[in-house]
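Colleague: I would like to learn how to read strands, loops and backbone angles in a model of this kind. May we go through some examples together?

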Amino acid sequence: MVLGIRVWLVLAYAVLYFRSAHSYNRPPAREDISVFYSDDDDDDSNSPEQVHISLVGEDKMRISWITKDSAPATVDYGLSPGVNGYSSSGTTSSYHYLMYESGSIHDVVIGPLKPDTVYYYRCGVSSPEFSLKTPPAGFPIKFSVAGDLGQTGWTSSTLDHISKSNYDILLLPGDLSYADMYQPSWDNFGRLVEPLARQRPWMVTQGNHEVEKIPVVHTRPFTAFNARWRMPYEESGSDSNLYYSFDAAARGVHVIMLGSYTDFGPDSAQYKWLESDLSKVDRNKTPWIVVLIHAPWYNSNTAHQDEPESNDMKAAMEGLLYRARVDVVFAGHVHAYERFTRVYNDKADNCGPVHITIGDGGNREGLATKYIDPKPEISVFREASFGHGQLEVVNSSHAHWTWHRNQDDEAIASDSFWLRSLASDPACKL
C-alpha cells in the first residue's frame, strides 16, 4: 500500500513540475541517504529527533523537535553541562497529509540569552543533552549560505564542509528536503541535518519543492514546511511563515526572507509587508540588508528561464530593493553557482545589489550544467558544482564572500570577493 502511494505521488509530482524539470538535461540522479536512530532510541516514543533551532527576536531562540507520541513541550537549559537552571514551555502540534500523520512537533522559545555564548539544553523529559551557540552581539558575524540541499551524498559533503566553517547563522533560500509530497522524507531530512541544525540557528525560506500541492486531492500548499520549520514571521510583522525578516549583529545586518511561491504583486500582502519592512530600516544603524529568494531574478544558466516566479517577482519587487539599497540577494532553484555584479534593471549599477545563485547544496536532481553563451557582461563568475557559500560581515562597511566547491578542501575558496555596504558608499546615499 505504502509503495503504491509513493509511486502515485512521484507520478503526480512529475506532472506538476514537468515544465521546470525538462528545461535542461540533468546528470544521473543520486540516491538519498537514509538516517535512522538506534534501536534504543526507537523504543522510546518520547525521545526527541529532528532537533533544530532558529532565531526569535534579539535574544531568543526557538527549539523545535519531533517525538513519536505526545510529550511535554519543555526545554531545560543552562550555561554549564548538566546544570539546567532555566526552563521554558511551548506548544505541540501535528499535521496530516493524505494517509500520513506526523509525530508530535514541539516548539519552545527560550531566552533571554546572552550573545556569543554556549548553552546546554534538553528537550522534553527523555532527551540527551545538546548544546547551542548564540550569534555574536556585533561584528564580525559569519553566515553560511546553501540552497537546494536535499539529502544525498552531495548533501552530506556540503554539510560536512559547513560544519568546519565556524559559522554563526545558516541561511537556506528554499528547497530543503525534496520530499515532494512523500512525507517520511521530511523526517529523514530532519535527522540528516540535526547534528548541525541543533547547534546553530537555521533560517530558511520555501522553494518550489515545499509547495506539495496536489490539485483536488490536497489543496493546502506548504503544509509540511509551515508545520516543521516555523520561522519568526510574527515578530517581523508578517502574517505568513513564507516571508519574514530578522536582525543579526545587534541590528547591524537586516535579513529578509521572501516567498517566491506566494503572492508578490503590488496588491499582495507580501509586497505591502516588504515595503513596510524596508521603510523601518535605519541604514545609519543597520548598514547591511541581505535578501533571500528561491527563484533567481538574474540567471544565465539555461535552467529555469522565463518562469513567472523569477520574472514577475523581479518586475514587482526589484524597485523596492533598489530604492532601499539592498546589498546582496541570494537565490536557489538553479542547481549551480553564479555571481553577478551589482545590477538593477538588467544592467550593471553600482547602487544595485549583488545577485548570487547558490542552489548547489546537493539535491538528487543533479547539476544544471548548461549556460547561455556568450556569458552576459553582468555575470562575473559561474560554475556548475555542488558547494556552499560564506558571508562574513567584518564591520559596518565591508564583508567578505567566499564560495566553496565540495570537491575542494574547505580552506580553498573557488570564488571570493570583498563587498562594500551601500550604506557606506556616498555615491549611493538616498
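Colleague: Is Gln50 buried or exposed?

Modeller: First, a word on the source: this is a predicted model, in which local features need pLDDT of at least 70 and side-chain atom pairs count only at pLDDT 80 or more, while totals for chains, interfaces and linings use all residues. Residues are numbered from 1 along each chain as its sequence is written, and side-chain values use heavy atoms, with hydrogens and water left out. Buried means under 20% relative accessible area, exposed over 50%, and partly exposed in between (1.4 Å probe, protein chains only). Gln50 is buried, with a relative accessible area of 5%. Its phi is near 60 degrees, a positive value in a residue other than glycine.

Colleague: Where is Gln50 placed?

Modeller: Helices (H or I, at least four residues) and strands (E, at least two) are DSSP runs, numbered from the N terminus. Gln50 lies in strand β1, residues 49-56.

Colleague: Which way do the side chains of β15 point?

Modeller: In a regular strand the side chains alternate between the two faces of the sheet. From β15, Val253, Val255 and Met257 point one way, and His254 and Ile256 the other way. Five of the five residues of this strand (253-257) are buried.

Colleague: Which strand pairs with β15 in the antiparallel sense?

Modeller: Two strands pair if DSSP finds at least two bridges between them. Strand β14 (residues 244-248) pairs with β15 in the antiparallel sense over five bridges, and Phe246 has Val255 as its bridge partner. The hairpin of β14 and β15 has four residues between the strands, and there Ala249 takes a positive phi near 55 degrees. Ala250, in the loop between β14 and β15, has a phi near 50 degrees. Ala250 is exposed, with a relative accessible area of 61%.

Colleague: How many bridges join β15 to β16?

Modeller: Five bridges join β15 to β16 (residues 288-292), and these strands run parallel. The chain crosses from β15 through helix α7 (residues 269-279) to β16 in a right-handed β-α-β crossover. Right-handed means that, with the strands pointing away from the viewer, the path from the first strand over the helix to the second runs clockwise. Val253 stands opposite Trp288 in β16.

Colleague: Which residue does a cis peptide bond join to Phe139?

Modeller: That residue is Pro140, and omega is about 0 degrees. Pro140 is found in the loop between β10 (130-133) and β11 (141-145). The peptide bond from Asp373 to Pro374 is also cis, with omega near 5 degrees. Pro374 is found in the loop between β20 (354-358) and β21 (379-383).
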